[in-house]
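Hi,

Here is the structure I promised to pass on. Have a look at it first, and my notes follow below.

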Amino acid sequence: MTLADRLVLKQRRHLKWRALDPLEAALMILCGLLLLGFCTTVIFDIITREIGRPWLWLQEVTSTFFIYAIFTGTAVAVRRNDHLCLTAIADTLTGAARTVVEVATRAVVLGVALCFIWFGYLNFLRGFSSFRMPSMTPIASLYAAIPICGVLVALFTIEQLVNGVRNGFARDEPPEPPPHVAEIDGLAPVGGERT
Amino acid sequence: MSSTLIVLLMVFLFLFFGYLGVPVAFSLLAGTLIGAIFTDVSATAIVQKMFDGMDNEALLAIPFFLLVGELMSSANIVLRVANLSLRLVGHIRGGLSQVVTVFSMFFSEMSGSTTADVAVISRALGGPMKREGYSPPFIAAIIAAASTIAALVPPSITAVVYGAIGNVSIAGLFMAGVVPGLMIGIGLMIYCYIFGPAGMTRPRAPFRDVALAFRDASLPLMIPVILLGGIVTGFFTPTEAGVVAVAWIIVVVIPALKRGHIKLLPWDFCLAGLIFSLPLITIGAANAFGWLFAYLRGALMIAEWITGLAGDNPQLTMFLLVLLFTIIGDFIEPVPTIIIFMPLVNALTQAADINPVHMGVVLIATLAFGLITPPYGLVLLMASKFVGVRFSQALRAALPIYCVFLITIAFMIFFPKVVLWLPKQVLPESVGCFKNPSGAGYICPQ
């Protein structure tokens with residue numbers, strides 16, 4: 001299995017279009033590259049500062065990677081259902097009640113995504129009048145991440161809404177442990193007896 | 001519509017959407033955007049405030065600390081630390097529950113994330129504890145309680161957020177968190193010794209075994225040394241210390257201890273890149289919510305109420321804030337709580353003349369406590385899920401453990417000198433001390 005295959009979450013398959021799997025994989029890879037990018041730039045920032053020849057533009061590059069990584073992760077987490085939630089009330093419901101709650105929660109997310117697109121776009125246009133130092137790049141280059149994130153969140157939410165209404169939201173699936181937690185082989189054997 | 005009504009509407013919508021199942025970041029933004037309709041604030045300004053909340057250099061530390069935790073658990077290096085903990089305290093009455101606490105004290109110094117802590121400890125020790133006959137509700141309770149130490153001790157992500165948003169020294173918060181973190185750890189060990197299940201009796205590990213386990217774990221144990229050493233000596237900022245720790249794991253620890261894991265590093269980076277964005281977008285959303293909340297004088301209303309009750313008594317002010325944060329922490333996560341209520345906290349800190357680092361560490365401990373209290377005890381919820389037990393059962397088992405947290409928080413309120421002792425020794429300027437202009441040493445506020 002390739003890295004790209006492994007990066008596409010297998011759960012809630014019935015809510016996903018296969019056509020969007022490559023997009024999920026690409027966004028996951030982008031998350032990794034952006035994280036690697038700003039790790040590298042911060043390291044170079046320390047090194048160049050310590051040798052007395054700081055590259056000031058590194059901080060600008062770092063913040064660009066950082067902001068784009070946040071919005072990319074936010075978008076892909078919608079498809080993977082990885083966002084932090086207070087409850088998962090819908091999982092305890094069945095039938096029409098579940099459909100209503102699932103549709104309502106996604107409608108709220110979609111509403112926020114549309115605000116990201118429109119008001120983020122307005123912010124982006126406004127960003128051409130402010131500049132980042134020292135490169136004097138318009139700050140719009142950072143603000144562009146917001147409407148892009150909005151488009152992706154809206155796309156993934158519509159995908160789930162359409163498939164959920166068509167196929168039903170509920171589907172029995174074995175619980176899957178979080179992929180980011182590694183299995184631990186086990187503690188070293190120790191002798192002992194129960195008291 | 002009056003400001004009070006708009007604030008109430010925002011809070012209601014956030015909680016309603018949140019408990020309906022909408023992700024926290026989107027619930028906060030939905031509440032804020034709807035609230036803004038009734039004010040003269042534009043939605044563009046709200047989106048801008050969300051962006052401003054994330055565009056903060058100090059927050060760069062969060063992905064680095066999460067990546068450290070991810071690499072440590074993914075490469076299975078934490079097992080060495082778990083084995084060291086077993087050799088150190090496995091023979092004490094309570095057995096593996098003592099090991100859970102000590103392991104958490106070690107791992108917290110590497111990851112800084114309570115959720116990473118609970119996931120790793122559940123995986124490492126949940127199974128062995130079940131096999132040794134500990135009751136699953138107790139396992140979930142002790143793992144959850146021990147995991148909250150990560151919110152206090154360096155490199156606590158909660159402290160990074162508090163420092164970045166509240167303009168408080170992050171290094172000072174790190175140092176001030178050590179004493180309460182140790183108090184909770186030792187308190188949990190005492191609790192397990194006296195009230196917990198006896199567990200399996202093990203012989204005390206010979207010194208040679210302890211030394212060998214220590215040698216095995218020495219490379220990962222260098223991570224807290226790098227983090228604290230770099231920050232205390234002033235060589236690194238907390239953010240830079242995080243990236244140096246990442247470089248240490250990738251360049252030294254993994255090649256030395258788990259060479260085969262190198263090919264999986266791209267996978268770790270992709271997952272860590274996703275994981276870190278989740279708290280960060282929540283920070284952005286909470287910043288927008290908190291800004292509108294402050295704009296509508298919501299924070300001021302609560303501040304006036306608390307000042308009216310407490311006057312300028314620092315202990316009473318702190319007690320009322322702890323009470324408020326305990327209630328709020330039962331419903332919301334620590335990060336949004338800190339961001340939304342930071343204007344209120346800053347106002348009260350100044351009004352009652354409290355050291356900001358002292359206030360910060362007390363509130364962080366309170367929010368850590370909120371992670372194991374109902375109805376939204378995130379860490380206890382996660383622990384019960386990983387261990388495979390109902391939340392209500394885990395909650396009943398956790399109730400007696402609450403006394404450890406309540407005693408620690410009360411101690412922190414009434415003995416600020418003890419809490420601030422360590423930062424005063426190693427980073428005096430972080431707690432408001434300044435160099436004596438007419439001699440050696442520092443002059444510190446009383």
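Predicted model: local features only at pLDDT ≥ 70, side-chain atom pairs only at ≥ 80, totals over all residues.

R49(A) and E240(B) form a salt bridge through their side chains, with 2.6 Å from N to O. As for polar contacts, three residue pairs turn up across the interface of chain B and chain A, with both partners at pLDDT 80 or more.

Which helix gives chain B the largest share of its side touching chain A? It's α15 of chain B (residues 265-295), with 16 residues. Sorted by class, that side of chain B holds 54 nonpolar, 15 polar and nine charged residues.

On the overall numbers, 78 residues of chain B contact 72 residues of chain A. The two chains bury about 6,800 Å² between them, and 74% of that is on carbon and sulfur atoms. F26(B), R123(B) and W267(B) account for 12% of the area chain B buries against chain A, more than any other three residues.

I also looked at a helix pair inside chain B. Helix α19 (residues 356-370) and helix α23 (residues 416-426) of chain B pack with their axes 10 Å apart, at an angle of about 105°. Angles of 65 to 115 degrees count as roughly perpendicular, so α19(B) and α23(B) are roughly perpendicular to each other. On the α19(B) side the residues are V357(B), H358(B) and V361(B), and they meet P416(B), V419(B) and L420(B) of α23(B). By class, this contact has five nonpolar residues, one polar and no charged ones.

Cheers

Technical notes
Residues numbered from 1 in each chain as written. Chains lettered and ligands numbered in written order. Heavy atoms only, no water. Contact = heavy atoms within 4.5 Å. Buried area = accessible area lost by both parts, 1.4 Å probe. Salt bridge = Lys/Arg side-chain N within 4 Å of Asp/Glu carboxyl O. Polar contact = N/O pair within 3.5 Å; in protein donor to acceptor, adjacent residues only side chain to side chain. Helix = DSSP H or I, 4+ residues; strand = E, 2+ residues; numbered from the N terminus. Nonpolar A, V, L, I, M, F, W, Y, C, P; charged D, E, K, R; others polar. Axes fitted to C-alpha atoms, helices over the stretch in contact; angles between N-to-C directions. Parallel < 35°, antiparallel > 145°, perpendicular 65-115°, else oblique.
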